[in-house]
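Here's a quick briefing to read alongside the model. Keep the viewer open and click along as you go.

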Amino acid sequence: MGIGATAGVAAAGGFALSAQASGGSAAKASNASGALVFDKDAYTELTTTITDAAGDDHEVKYHFYKAITYVTKPVDEKYQSLNISVPVAIDGRTVDATGAPILLANAVGGYMPSSVADATGVGGTAMTGAPGAATGGAGAGASASAAPSASASASASGGVQSGGNAMLDGRGEMVDLGKLALVTGYVVVEPGARGRTLVDSSGTYYGTAPAAIVDLKAAVRYLRANKGRIPGNTDRIVSSGTSAGGALSALLGASGDSPLYDTYLKEIGAADASDAIFASGDWCPIADLEHADMAYEWNWGANELSSGSLVDQAVSKELTTAFADHQASLKLRAKGFGTVTARNLDAYLVRTYLEPSATKYLAALSDTARAAYLAANTFITWSGGRATFSWKDFLTHVGARKKDAPAFDAFDLSSGENNLFGTGTTKARHFTPYSLRHEGSSGARPAGDLPAKIDLMNPMYFIGKHHPGRSKHWWIRVGTKDSDTSLSVVGNLALSLENLGDDVDAFMYWDAGHGSNEDPADFMAWIAKVTGYRVKK
(Lines give C-alpha, C1' and ligand atoms only; values in the text may rest on other atoms or scores of the structure.)
Protein backbone atom coordinates (compact mmCIF):
# COMPACT_ATOMS: atom_id res chain seq x y z
CA MET A 1 0.00 0.00 0.00
CA GLY A 2 3.18 2.07 0.19
CA ILE A 3 3.25 5.86 0.15
CA GLY A 4 0.34 6.47 -0.40
CA ALA A 5 -10.33 44.25 10.40
CA THR A 6 -10.93 46.41 8.63
CA ALA A 7 -11.60 50.11 9.42
CA GLY A 8 -14.38 52.25 8.05
CA VAL A 9 -16.60 49.50 6.61
CA ALA A 10 -18.76 47.17 8.68
CA ALA A 11 -17.66 43.54 8.80
CA ALA A 12 -19.71 41.53 6.32
CA GLY A 13 -21.11 38.04 6.59
CA GLY A 14 -23.98 37.68 4.15
CA PHE A 15 -24.24 38.21 0.44
CA ALA A 16 -26.22 40.32 -1.97
CA LEU A 17 -29.95 39.81 -1.89
CA SER A 18 -30.41 42.19 -4.80
CA ALA A 19 -28.24 43.79 -7.44
CA GLN A 20 -28.94 46.60 -9.83
CA ALA A 21 -26.54 47.56 -12.61
CA SER A 22 -26.11 51.22 -13.43
CA GLY A 23 -24.60 52.83 -16.49
CA GLY A 24 -20.98 52.50 -17.52
CA SER A 25 -18.70 51.81 -20.42
CA ALA A 26 -18.74 48.40 -22.05
CA ALA A 27 -15.83 46.05 -21.34
CA LYS A 28 -13.26 45.73 -24.13
CA ALA A 29 -10.85 42.97 -25.11
CA SER A 30 -7.87 43.14 -22.77
CA ASN A 31 -5.31 41.00 -24.53
CA ALA A 32 -4.90 42.77 -27.85
CA SER A 33 -2.20 41.22 -30.02
CA GLY A 34 -1.84 38.41 -27.52
CA ALA A 35 -0.11 40.60 -24.92
CA LEU A 36 -1.05 39.97 -21.31
CA VAL A 37 -1.50 43.64 -20.52
CA PHE A 38 -4.39 44.72 -18.33
CA ASP A 39 -6.57 47.45 -19.84
CA LYS A 40 -7.60 49.63 -16.92
CA ASP A 41 -10.30 51.35 -19.01
CA ALA A 42 -12.10 48.15 -20.06
CA TYR A 43 -14.69 48.07 -17.32
CA THR A 44 -18.39 48.41 -16.78
CA GLU A 45 -19.48 50.47 -13.79
CA LEU A 46 -22.05 48.63 -11.72
CA THR A 47 -23.95 49.31 -8.53
CA THR A 48 -25.08 46.48 -6.27
CA THR A 49 -26.60 46.09 -2.82
CA ILE A 50 -24.77 43.75 -0.47
CA THR A 51 -26.22 42.60 2.84
CA ASP A 52 -23.75 42.08 5.66
CA ALA A 53 -23.82 39.63 8.58
CA ALA A 54 -25.79 42.05 10.71
CA GLY A 55 -28.50 42.25 8.08
CA ASP A 56 -27.51 45.75 6.99
CA ASP A 57 -27.55 46.69 3.31
CA HIS A 58 -24.68 48.57 1.71
CA GLU A 59 -24.72 50.16 -1.71
CA VAL A 60 -21.49 49.36 -3.54
CA LYS A 61 -20.40 51.00 -6.78
CA TYR A 62 -17.63 49.11 -8.50
CA HIS A 63 -15.74 48.66 -11.75
CA PHE A 64 -16.31 45.24 -13.30
CA TYR A 65 -13.74 43.80 -15.72
CA LYS A 66 -15.28 40.81 -17.45
CA ALA A 67 -13.78 37.60 -18.86
CA ILE A 68 -10.13 38.61 -19.23
CA THR A 69 -8.18 35.77 -20.82
CA TYR A 70 -5.15 35.31 -18.58
CA VAL A 71 -2.90 33.28 -20.93
CA THR A 72 -1.75 33.83 -24.52
CA LYS A 73 -2.30 30.26 -25.67
CA PRO A 74 -5.54 29.19 -24.01
CA VAL A 75 -6.82 25.66 -24.41
CA ASP A 76 -10.35 26.91 -23.69
CA GLU A 77 -10.96 30.63 -23.11
CA LYS A 78 -14.34 29.91 -21.51
CA TYR A 79 -12.50 28.57 -18.50
CA GLN A 80 -9.11 30.29 -18.74
CA SER A 81 -10.40 33.76 -18.02
CA LEU A 82 -11.04 35.85 -14.94
CA ASN A 83 -13.26 38.69 -13.71
CA ILE A 84 -12.04 41.61 -11.62
CA SER A 85 -14.23 43.78 -9.39
CA VAL A 86 -12.85 47.01 -7.90
CA PRO A 87 -14.85 49.02 -5.31
CA VAL A 88 -15.02 52.75 -5.98
CA ALA A 89 -17.74 53.82 -3.53
CA ILE A 90 -19.48 52.22 -0.54
CA ASP A 91 -22.66 53.83 0.74
CA GLY A 92 -21.84 56.91 -1.30
CA ARG A 93 -18.34 57.33 0.13
CA THR A 94 -15.40 57.06 -2.24
CA VAL A 95 -13.06 54.11 -1.75
CA ASP A 96 -9.46 54.11 -2.99
CA ALA A 97 -8.58 50.45 -3.61
CA THR A 98 -5.18 51.18 -5.16
CA GLY A 99 -3.31 49.29 -2.45
CA ALA A 100 -6.11 47.01 -1.29
CA PRO A 101 -5.59 43.28 -0.78
CA ILE A 102 -6.79 41.11 -3.66
CA LEU A 103 -9.12 38.20 -2.87
CA LEU A 104 -8.62 35.46 -5.46
CA ALA A 105 -11.90 33.58 -4.99
CA ASN A 106 -12.00 30.36 -6.99
CA ALA A 107 -15.33 28.59 -7.47
CA VAL A 108 -14.05 25.09 -8.18
CA GLY A 109 -16.13 22.22 -6.84
CA GLY A 110 -15.45 18.52 -7.25
CA TYR A 111 -12.39 19.30 -9.37
CA MET A 112 -14.84 20.18 -12.14
CA PRO A 113 -14.48 23.15 -14.52
CA SER A 114 -15.28 26.66 -13.36
CA SER A 115 -16.14 29.51 -15.72
CA VAL A 116 -16.78 33.21 -15.18
CA ALA A 117 -17.76 33.84 -18.81
CA ASP A 118 -21.50 34.17 -18.09
CA ALA A 119 -21.18 36.23 -14.90
CA THR A 120 -22.76 39.66 -15.04
CA GLY A 121 -21.18 40.98 -11.87
CA VAL A 122 -19.23 40.04 -8.78
CA GLY A 123 -20.19 36.66 -7.36
CA GLY A 124 -21.79 35.53 -10.59
CA THR A 125 -20.04 32.17 -10.97
CA ALA A 126 -22.19 29.07 -10.58
CA MET A 127 -22.55 27.46 -7.15
CA THR A 128 -23.30 23.76 -6.89
CA GLY A 129 -24.41 21.45 -4.11
CA ALA A 130 -26.27 23.99 -1.98
CA PRO A 131 -29.73 23.25 -0.57
CA GLY A 132 -32.30 23.90 -3.25
CA ALA A 133 -29.67 24.19 -5.99
CA ALA A 134 -29.14 21.97 -9.00
CA THR A 135 -26.15 19.67 -8.69
CA GLY A 136 -25.26 18.76 -12.23
CA GLY A 137 -21.89 19.10 -13.92
CA ALA A 138 -19.79 22.20 -14.34
CA GLY A 139 -21.87 25.27 -14.79
CA ALA A 140 -24.99 23.75 -13.25
CA GLY A 141 -26.51 24.91 -10.03
CA ALA A 142 -27.81 28.13 -8.61
CA SER A 143 -25.94 31.31 -9.39
CA ALA A 144 -24.13 32.77 -6.44
CA SER A 145 -25.97 35.99 -7.13
CA ALA A 146 -29.32 34.33 -6.44
CA ALA A 147 -30.14 33.88 -2.78
CA PRO A 148 -31.92 30.75 -1.58
CA SER A 149 -35.33 31.23 -0.08
CA ALA A 150 -35.66 31.91 3.61
CA SER A 151 -36.98 28.39 4.06
CA ALA A 152 -33.91 26.79 2.46
CA SER A 153 -32.10 24.61 4.94
CA ALA A 154 -28.91 22.62 4.92
CA SER A 155 -28.73 18.88 4.60
CA ALA A 156 -28.97 16.62 7.65
CA SER A 157 -25.30 17.29 8.40
CA GLY A 158 -25.68 21.01 7.79
CA GLY A 159 -23.62 21.02 4.63
CA VAL A 160 -23.64 21.03 0.86
CA GLN A 161 -23.64 17.92 -1.27
CA SER A 162 -20.36 16.18 -2.11
CA GLY A 163 -18.56 17.90 -4.94
CA GLY A 164 -20.38 21.18 -4.34
CA ASN A 165 -18.58 24.49 -4.12
CA ALA A 166 -21.21 26.51 -2.26
CA MET A 167 -20.61 28.03 1.17
CA LEU A 168 -23.31 28.01 3.84
CA ASP A 169 -23.48 29.99 7.05
CA GLY A 170 -24.83 28.71 10.35
CA ARG A 171 -28.41 29.29 9.15
CA GLY A 172 -27.92 27.26 5.97
CA GLU A 173 -27.90 30.38 3.77
CA MET A 174 -25.43 31.14 1.03
CA VAL A 175 -22.19 33.00 1.70
CA ASP A 176 -20.32 34.75 -1.12
CA LEU A 177 -16.80 35.77 -0.14
CA GLY A 178 -16.34 37.82 -3.30
CA LYS A 179 -19.22 40.11 -2.41
CA LEU A 180 -18.14 40.34 1.20
CA ALA A 181 -14.63 41.29 0.14
CA LEU A 182 -16.00 43.94 -2.21
CA VAL A 183 -18.15 45.58 0.47
CA THR A 184 -15.13 45.52 2.80
CA GLY A 185 -13.16 47.52 0.24
CA TYR A 186 -10.97 44.81 -1.25
CA VAL A 187 -10.33 44.04 -4.91
CA VAL A 188 -11.96 40.77 -5.98
CA VAL A 189 -10.61 38.46 -8.68
CA GLU A 190 -12.71 35.46 -9.69
CA PRO A 191 -10.74 33.07 -11.91
CA GLY A 192 -12.10 30.31 -14.06
CA ALA A 193 -10.19 27.06 -14.46
CA ARG A 194 -10.33 23.87 -16.48
CA GLY A 195 -11.65 20.76 -14.75
CA ARG A 196 -11.76 17.01 -14.99
CA THR A 197 -15.01 16.61 -16.96
CA LEU A 198 -13.96 18.63 -20.01
CA VAL A 199 -13.67 16.51 -23.17
CA ASP A 200 -13.16 17.58 -26.77
CA SER A 201 -14.66 16.22 -29.99
CA SER A 202 -11.97 13.55 -30.24
CA GLY A 203 -12.81 12.21 -26.78
CA THR A 204 -9.72 13.68 -25.14
CA TYR A 205 -10.04 14.90 -21.56
CA TYR A 206 -8.28 18.26 -21.40
CA GLY A 207 -9.01 19.37 -17.85
CA THR A 208 -7.56 16.50 -15.81
CA ALA A 209 -4.68 16.92 -13.37
CA PRO A 210 -2.86 19.21 -13.11
CA ALA A 211 -4.88 21.57 -15.34
CA ALA A 212 -6.88 23.30 -12.58
CA ILE A 213 -3.89 24.32 -10.47
CA VAL A 214 -1.92 25.30 -13.57
CA ASP A 215 -4.76 27.62 -14.59
CA LEU A 216 -5.05 29.19 -11.15
CA LYS A 217 -1.30 29.77 -11.10
CA ALA A 218 -1.54 31.37 -14.54
CA ALA A 219 -4.26 33.68 -13.21
CA VAL A 220 -1.98 34.73 -10.34
CA ARG A 221 0.85 35.32 -12.80
CA TYR A 222 -1.40 37.54 -14.90
CA LEU A 223 -2.18 39.66 -11.86
CA ARG A 224 1.42 39.93 -10.75
CA ALA A 225 2.67 40.68 -14.28
CA ASN A 226 0.30 43.66 -14.24
CA LYS A 227 1.52 45.13 -10.98
CA GLY A 228 0.78 48.86 -10.96
CA ARG A 229 -1.85 48.51 -13.67
CA ILE A 230 -4.38 46.32 -11.90
CA PRO A 231 -5.99 48.10 -8.93
CA GLY A 232 -5.03 46.42 -5.70
CA ASN A 233 -1.81 45.16 -4.19
CA THR A 234 -0.56 42.22 -6.26
CA ASP A 235 1.90 41.42 -3.46
CA ARG A 236 -1.08 40.82 -1.14
CA ILE A 237 -3.11 38.20 -2.97
CA VAL A 238 -5.26 36.05 -0.66
CA SER A 239 -6.86 32.95 -2.17
CA SER A 240 -10.08 31.25 -1.09
CA GLY A 241 -11.90 28.09 -2.07
CA THR A 242 -14.22 25.36 -0.83
CA SER A 243 -13.94 21.57 -1.08
CA ALA A 244 -11.77 20.80 -4.13
CA GLY A 245 -11.48 24.57 -4.45
CA GLY A 246 -10.23 24.62 -0.87
CA ALA A 247 -7.58 22.06 -1.75
CA LEU A 248 -6.54 24.16 -4.76
CA SER A 249 -6.39 27.27 -2.59
CA ALA A 250 -4.12 25.40 -0.17
CA LEU A 251 -2.04 24.17 -3.09
CA LEU A 252 -1.65 27.72 -4.41
CA GLY A 253 -0.44 28.71 -0.97
CA ALA A 254 1.95 25.80 -0.60
CA SER A 255 3.56 25.71 -4.06
CA GLY A 256 4.24 29.33 -5.00
CA ASP A 257 6.87 29.67 -7.75
CA SER A 258 7.64 25.95 -7.85
CA PRO A 259 9.52 25.17 -11.09
CA LEU A 260 7.67 21.84 -11.29
CA TYR A 261 4.79 23.64 -13.03
CA ASP A 262 6.89 25.65 -15.49
CA THR A 263 6.43 23.35 -18.47
CA TYR A 264 2.66 23.33 -18.09
CA LEU A 265 2.54 27.11 -17.63
CA LYS A 266 4.70 27.71 -20.68
CA GLU A 267 2.44 25.50 -22.81
CA ILE A 268 -0.56 27.75 -22.19
CA GLY A 269 1.35 31.02 -22.47
CA ALA A 270 1.25 32.11 -18.84
CA ALA A 271 2.88 35.41 -17.95
CA ASP A 272 6.52 35.40 -16.92
CA ALA A 273 5.87 36.42 -13.33
CA SER A 274 5.57 35.02 -9.82
CA ASP A 275 2.62 32.77 -8.93
CA ALA A 276 3.23 32.98 -5.18
CA ILE A 277 0.34 34.27 -3.06
CA PHE A 278 0.44 36.05 0.28
CA ALA A 279 -2.20 34.10 2.23
CA SER A 280 -4.48 31.12 1.75
CA GLY A 281 -8.08 30.59 2.91
CA ASP A 282 -9.13 26.94 2.72
CA TRP A 283 -12.55 25.54 3.58
CA CYS A 284 -12.99 21.74 3.89
CA PRO A 285 -10.09 21.02 1.49
CA ILE A 286 -10.29 17.71 -0.39
CA ALA A 287 -6.52 17.34 -0.36
CA ASP A 288 -3.72 14.77 0.09
CA LEU A 289 -5.56 12.46 -2.30
CA GLU A 290 -3.01 9.65 -2.40
CA HIS A 291 -3.47 9.16 1.34
CA ALA A 292 -7.12 10.18 1.54
CA ASP A 293 -8.56 6.63 1.46
CA MET A 294 -6.35 5.63 4.38
CA ALA A 295 -7.21 8.75 6.36
CA TYR A 296 -10.92 8.33 5.67
CA GLU A 297 -11.03 4.81 7.08
CA TRP A 298 -8.95 5.79 10.10
CA ASN A 299 -11.54 8.49 10.83
CA TRP A 300 -14.87 7.06 9.69
CA GLY A 301 -14.22 3.32 9.31
CA ALA A 302 -16.53 2.32 12.15
CA ASN A 303 -19.39 4.58 11.01
CA GLU A 304 -22.23 3.10 9.02
CA LEU A 305 -23.36 4.35 5.64
CA SER A 306 -26.69 6.17 5.42
CA SER A 307 -28.21 2.83 4.45
CA GLY A 308 -27.32 1.51 7.89
CA SER A 309 -24.72 -0.96 6.61
CA LEU A 310 -20.99 -1.00 7.21
CA VAL A 311 -18.48 -0.77 4.39
CA ASP A 312 -16.24 -3.77 3.63
CA GLN A 313 -14.43 -4.05 6.97
CA ALA A 314 -11.47 -5.94 5.51
CA VAL A 315 -10.81 -3.08 3.11
CA SER A 316 -11.39 -0.52 5.85
CA LYS A 317 -8.95 -2.21 8.24
CA GLU A 318 -6.25 -2.59 5.57
CA LEU A 319 -6.46 1.11 4.75
CA THR A 320 -6.52 2.07 8.43
CA THR A 321 -3.36 0.04 9.02
CA ALA A 322 -1.66 1.76 6.08
CA PHE A 323 -2.62 5.15 7.52
CA ALA A 324 -0.54 4.49 10.62
CA ASP A 325 2.62 4.28 8.50
CA HIS A 326 1.70 7.45 6.63
CA GLN A 327 0.95 9.41 9.79
CA ALA A 328 4.26 8.33 11.32
CA SER A 329 6.12 9.45 8.19
CA LEU A 330 4.89 13.03 8.66
CA LYS A 331 6.82 13.36 11.94
CA LEU A 332 4.51 16.10 13.19
CA ARG A 333 4.81 17.34 16.75
CA ALA A 334 2.30 19.10 18.97
CA LYS A 335 2.70 20.61 22.42
CA GLY A 336 1.42 18.20 25.04
CA PHE A 337 1.37 15.27 22.62
CA GLY A 338 4.92 14.91 21.33
CA THR A 339 4.93 13.18 17.95
CA VAL A 340 1.40 12.91 16.60
CA THR A 341 0.87 9.34 15.41
CA ALA A 342 -2.17 7.28 14.51
CA ARG A 343 -2.31 6.27 18.18
CA ASN A 344 -2.80 9.76 19.60
CA LEU A 345 -4.17 11.66 16.58
CA ASP A 346 -7.72 11.14 17.81
CA ALA A 347 -6.88 12.64 21.21
CA TYR A 348 -5.06 15.50 19.48
CA LEU A 349 -8.08 16.31 17.30
CA VAL A 350 -10.47 16.09 20.27
CA ARG A 351 -8.46 18.39 22.50
CA THR A 352 -7.23 20.83 19.85
CA TYR A 353 -10.34 21.20 17.70
CA LEU A 354 -13.43 19.25 18.70
CA GLU A 355 -13.81 20.13 22.37
CA PRO A 356 -13.00 23.83 21.79
CA SER A 357 -15.53 23.86 18.95
CA ALA A 358 -18.26 22.30 21.08
CA THR A 359 -17.37 24.63 23.94
CA LYS A 360 -17.71 27.72 21.75
CA TYR A 361 -21.02 26.46 20.35
CA LEU A 362 -22.53 25.67 23.74
CA ALA A 363 -21.26 28.85 25.40
CA ALA A 364 -23.08 30.91 22.77
CA LEU A 365 -26.44 29.28 23.54
CA SER A 366 -28.93 30.54 26.07
CA ASP A 367 -29.09 28.59 29.33
CA THR A 368 -32.31 26.95 28.20
CA ALA A 369 -31.03 26.01 24.75
CA ARG A 370 -27.77 24.70 26.21
CA ALA A 371 -29.59 22.53 28.69
CA ALA A 372 -31.78 21.13 25.94
CA TYR A 373 -28.78 20.37 23.72
CA LEU A 374 -26.89 18.64 26.53
CA ALA A 375 -29.98 16.62 27.42
CA ALA A 376 -30.15 15.41 23.83
CA ASN A 377 -26.39 14.78 23.63
CA THR A 378 -25.48 13.12 26.89
CA PHE A 379 -22.03 12.09 25.62
CA ILE A 380 -20.86 15.67 26.34
CA THR A 381 -19.77 16.58 29.86
CA TRP A 382 -20.26 20.31 30.50
CA SER A 383 -18.30 21.56 33.46
CA GLY A 384 -16.75 24.90 34.27
CA GLY A 385 -17.88 26.28 30.93
CA ARG A 386 -16.03 23.59 29.00
CA ALA A 387 -17.18 20.60 26.95
CA THR A 388 -15.39 17.26 27.13
CA PHE A 389 -16.06 13.92 25.44
CA SER A 390 -14.34 10.92 23.87
CA TRP A 391 -13.42 10.38 20.23
CA LYS A 392 -15.56 7.25 20.11
CA ASP A 393 -18.62 9.09 21.36
CA PHE A 394 -17.98 11.92 18.93
CA LEU A 395 -17.98 9.47 16.00
CA THR A 396 -21.28 8.03 17.19
CA HIS A 397 -22.66 11.56 17.40
CA VAL A 398 -21.68 12.34 13.79
CA GLY A 399 -23.49 9.28 12.51
CA ALA A 400 -23.50 8.14 8.89
CA ARG A 401 -20.41 8.50 6.73
CA LYS A 402 -20.88 9.93 3.23
CA LYS A 403 -18.61 7.67 1.22
CA ASP A 404 -17.98 3.98 0.63
CA ALA A 405 -14.57 2.32 0.82
CA PRO A 406 -12.29 3.24 -0.77
CA ALA A 407 -13.70 6.75 -0.66
CA PHE A 408 -11.55 8.37 -3.34
CA ASP A 409 -9.76 5.78 -5.49
CA ALA A 410 -12.88 3.69 -6.04
CA PHE A 411 -12.40 0.09 -7.13
CA ASP A 412 -14.83 0.64 -10.03
CA LEU A 413 -13.18 3.93 -11.09
CA SER A 414 -16.41 5.79 -10.37
CA SER A 415 -15.13 8.62 -8.18
CA GLY A 416 -14.44 12.15 -9.33
CA GLU A 417 -10.85 11.71 -8.24
CA ASN A 418 -10.47 8.73 -10.59
CA ASN A 419 -11.59 11.08 -13.36
CA LEU A 420 -9.22 13.79 -12.09
CA PHE A 421 -6.27 11.52 -12.82
CA GLY A 422 -7.54 10.39 -16.20
CA THR A 423 -5.45 11.14 -19.27
CA GLY A 424 -5.97 11.43 -23.00
CA THR A 425 -9.08 9.49 -23.97
CA THR A 426 -8.93 7.50 -20.73
CA LYS A 427 -11.59 9.00 -18.51
CA ALA A 428 -10.49 7.55 -15.17
CA ARG A 429 -7.50 5.78 -13.63
CA HIS A 430 -6.45 4.33 -10.32
CA PHE A 431 -3.95 6.58 -8.57
CA THR A 432 -3.10 4.58 -5.44
CA PRO A 433 -1.19 1.29 -5.27
CA TYR A 434 -3.86 -0.15 -2.98
CA SER A 435 -6.78 0.17 -5.39
CA LEU A 436 -4.66 -0.66 -8.42
CA ARG A 437 -3.45 -3.89 -6.84
CA HIS A 438 -6.91 -4.76 -5.56
CA GLU A 439 -8.23 -4.59 -9.10
CA GLY A 440 -5.15 -6.06 -10.79
CA SER A 441 -2.07 -8.00 -9.78
CA SER A 442 -0.16 -7.66 -6.54
CA GLY A 443 2.74 -6.09 -8.43
CA ALA A 444 0.70 -3.51 -10.33
CA ARG A 445 2.01 0.04 -10.25
CA PRO A 446 0.41 3.36 -11.23
CA ALA A 447 1.21 4.67 -14.72
CA GLY A 448 4.56 6.41 -15.05
CA ASP A 449 3.11 9.92 -15.33
CA LEU A 450 0.99 9.64 -12.19
CA PRO A 451 3.50 10.10 -9.35
CA ALA A 452 4.51 13.54 -10.61
CA LYS A 453 0.90 14.59 -11.23
CA ILE A 454 -0.13 13.41 -7.78
CA ASP A 455 2.60 15.55 -6.24
CA LEU A 456 1.50 18.56 -8.30
CA MET A 457 -2.01 18.24 -6.85
CA ASN A 458 -1.02 17.88 -3.18
CA PRO A 459 -0.19 20.83 -0.91
CA MET A 460 1.31 18.42 1.64
CA TYR A 461 4.02 17.48 -0.86
CA PHE A 462 5.31 21.06 -0.98
CA ILE A 463 4.83 21.67 2.73
CA GLY A 464 6.82 18.50 3.45
CA LYS A 465 9.62 19.80 1.23
CA HIS A 466 9.64 23.08 3.20
CA HIS A 467 9.02 24.87 -0.09
CA PRO A 468 10.36 28.43 0.29
CA GLY A 469 7.73 30.05 -1.95
CA ARG A 470 4.76 29.04 0.20
CA SER A 471 2.37 31.46 1.88
CA LYS A 472 3.07 32.17 5.54
CA HIS A 473 -0.53 33.00 6.52
CA TRP A 474 -3.31 30.37 6.59
CA TRP A 475 -7.03 30.34 7.38
CA ILE A 476 -8.35 26.76 7.53
CA ARG A 477 -11.90 25.65 8.33
CA VAL A 478 -14.04 22.49 8.29
CA GLY A 479 -17.27 21.31 9.90
CA THR A 480 -17.09 18.61 12.57
CA LYS A 481 -19.79 16.61 10.75
CA ASP A 482 -18.07 16.89 7.37
CA SER A 483 -17.38 13.31 6.29
CA ASP A 484 -16.51 14.23 2.71
CA THR A 485 -12.96 13.56 3.85
CA SER A 486 -11.13 12.80 7.09
CA LEU A 487 -10.87 15.47 9.76
CA SER A 488 -7.21 14.47 9.94
CA VAL A 489 -6.67 16.17 6.56
CA VAL A 490 -7.30 19.58 8.13
CA GLY A 491 -5.55 18.59 11.36
CA ASN A 492 -2.40 17.49 9.56
CA LEU A 493 -2.42 20.42 7.14
CA ALA A 494 -2.63 22.93 9.95
CA LEU A 495 -0.12 21.15 12.20
CA SER A 496 2.43 20.73 9.40
CA LEU A 497 2.30 24.48 8.76
CA GLU A 498 2.50 25.28 12.46
CA ASN A 499 5.58 23.05 12.70
CA LEU A 500 7.17 25.25 10.01
CA GLY A 501 6.40 28.38 12.02
CA ASP A 502 3.65 29.73 9.77
CA ASP A 503 0.75 31.85 10.99
CA VAL A 504 -2.19 29.42 11.10
CA ASP A 505 -5.79 30.16 12.10
CA ALA A 506 -7.57 26.79 12.02
CA PHE A 507 -10.98 25.92 13.45
CA MET A 508 -13.74 23.33 13.13
CA TYR A 509 -17.39 24.40 13.15
CA TRP A 510 -19.40 22.33 15.62
CA ASP A 511 -22.11 20.11 14.10
CA ALA A 512 -21.53 21.70 10.67
CA GLY A 513 -21.24 19.81 7.41
CA HIS A 514 -19.43 20.17 4.12
CA GLY A 515 -19.06 23.69 2.75
CA SER A 516 -19.79 25.41 6.04
CA ASN A 517 -18.50 28.95 6.56
CA GLU A 518 -19.81 30.30 9.83
CA ASP A 519 -17.37 33.18 10.35
CA PRO A 520 -16.90 34.94 6.98
CA ALA A 521 -16.79 38.37 8.64
CA ASP A 522 -13.86 37.17 10.74
CA PHE A 523 -12.09 36.06 7.55
CA MET A 524 -12.46 39.56 6.12
CA ALA A 525 -11.01 41.00 9.33
CA TRP A 526 -8.20 38.44 9.23
CA ILE A 527 -7.25 39.57 5.71
CA ALA A 528 -6.94 43.14 6.97
CA LYS A 529 -4.86 41.97 9.93
CA VAL A 530 -2.33 39.84 8.07
CA THR A 531 -1.95 42.29 5.17
CA GLY A 532 -1.86 45.36 7.39
CA TYR A 533 -4.51 47.07 5.27
CA ARG A 534 -7.05 49.70 6.20
CA VAL A 535 -9.74 50.89 3.83
CA LYS A 536 -8.89 54.27 2.32
CA LYS A 537 -11.64 56.82 1.74
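**The quick tour**

The protein exposes about 19,800 Å², and carbon and sulfur atoms supply 50% of that. Keep in mind that this is a predicted model. Of its 537 residues, 59% count as buried, and the fold has 15 helices and 15 strands.

**Strand S9, covered on both faces**

- Take a look at S9, residues 279–283: five of its five residues are buried.
- In a regular strand, side chains alternate between the two faces of the sheet.
- On one side of S9 sit Ala 279, Gly 281 and Trp 283, on the other Ser 280 and Asp 282, and all of them are buried.

**Who S9 pairs with**

- Strand S8 (residues 237–242) runs parallel to S9, joined to it by five bridges.
- In that pairing, Ser 239 stands opposite Ser 280 of S9.
- Strand S14 (residues 473–479) also pairs with S9 in the parallel sense, again over five bridges.
- Here Gly 281 stands opposite Trp 475 of S14.

**The nonpolar cores**

- The largest nonpolar core holds 145 residues, and Ile 84 and Phe 523 touch the most other members.
- Helix H2 (residues 211–225) gives this core its largest share, nine residues.
- A second, separate core has seven residues, including Ala 107, Ala 130, Leu 168 and Met 174.

**Phe 523 up close**

- Which residues is Phe 523 in contact with, leaving aside neighbours within four places in sequence?
- Its partners are Leu 103, Leu 177, Val 238, Ser 239, Ser 240, Gly 281, Trp 283 and Trp 475.

How values were computed
Residues are numbered from 1 along each chain as its sequence is written. This is a predicted model: local features need pLDDT of at least 70, side-chain atom pairs count only at pLDDT 80 or more; totals for chains, interfaces and linings use all residues. Side-chain values use heavy atoms; hydrogens and water are left out. Helices (H or I, at least four residues) and strands (E, at least two) are DSSP runs, numbered from the N terminus. Buried means under 20% relative accessible area, exposed over 50%, partly exposed in between (1.4 Å probe, protein chains only). Accessible areas come from the Shrake-Rupley method with a 1.4 Å probe; for residues, only the protein chains shown count as cover. Two strands pair if DSSP finds at least two bridges between them. A nonpolar core is a set of buried Ala, Val, Leu, Ile, Met, Phe, Trp, Tyr and Cys residues joined through side-chain atoms within 4.5 Å. Contact means heavy atoms within 4.5 Å.
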